[in-house]
Amino acid sequence: MEMRGFLLFWSVLTVFVAALSLGPSFAHVLESLPRLTKWSPALWREATVFNGQFLLFAVIGAPLDIAAILCPALLAWTLRADPFAFRFVLVAALLYAVSLALWFGLVRPANAVLATWTPGPIPENFEAVRLRWETGHMAVSAAKALGFISLCFGLLGVRHS
């Protein structure tokens with residue numbers, strides 16, 4: 001495959017992976033308002049903790065999140081001769097890495113607490129854990145959205161000579 005064909009293939013693959021990584025994070029944001037304002041604590045805990053609603057977010061989402069860092073990083077390396085595209089695509093890779101760091105810093109600690117909850121009374125720390133979990137996902141989504149935008153700018157700026 002010639003370089004131009006490889007670049008096109010890798011660009012499309014990178015955008016696809018980045019979009020698939022952003023999608024579930026954005027879904028968390030879309031559902032957060034009713035989860036924070038309308039759902040009872042019992043419903044939130046039941047759906048989030050006990051019934052595996054987010055199992056595929058881990059099984060499929062985690063590898064996609066890693067790929068959403070690696071694909072733009074390789075694409076940036078491929079575009080290193082094009083400074084404009086290189087910078088934007090590299091920033092995209094970095095923002096997707098920031099999103100993963102945010103997940104580890106904000107969401108994972110909340111998940112660790114959620115893993116200790118058992119059926120019965122609502123835990124005393126429920127509101128704080130729920131707020132951290134929900135806002136953590138919002139922060140992750142924001143970083144991914146900015147990364148996706150940067151990726152698009154970079155690819156729109158690729159010189160086709």
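## Pocket lining and cysteines in a predicted model

Tutor: This is a predicted model. Helix H5 gives the most to the lining of the largest pocket, with seven residues.

Student: Which other helices supply at least two residues of that lining?

Tutor: Helix H1 (3-37), helix H2 (41-50), helix H3 (55-59), helix H4 (61-78) and helix H6 (126-156) do, as does helix H5 (83-114).

Student: What is the volume of the largest pocket?

Tutor: About 570 Å³. Of its 27 lining residues, Phe 57, Ala 58, Trp 103, Asn 111 and His 137 are the closest to its centre.

Student: What makes up the lining of the largest pocket, by class?

Tutor: There are 17 nonpolar, eight polar and two charged residues. Phe, Ala and Trp count as nonpolar.

Student: Why is Cys 71 called buried?

Tutor: Buried means under 20% relative accessible area. Cys 71 has 8%, so Cys 71 is buried.

Student: Why is Cys 152 called partly exposed?

Tutor: Exposed starts over 50%, buried is under 20%, and partly exposed is in between. Cys 152 has a relative accessible area of 27%, so Cys 152 is partly exposed.

Notes:
Residues numbered from 1 in each chain as written. Predicted model: local features only at pLDDT ≥ 70, side-chain atom pairs only at ≥ 80, totals over all residues. Heavy atoms only, no water. 1 Å grid on protein atoms, 1.4 Å probe; cavity = no way out; pocket = protein on both sides within 12 Å on 5 of 7 lines; lining within 4 Å. Points joined across faces, edges and corners; volume = space filled by probe spheres on them. Helix = DSSP H or I, 4+ residues; strand = E, 2+ residues; numbered from the N terminus. Buried < 20%, exposed > 50% of the residue type's maximum accessible area, 1.4 Å probe, protein only.
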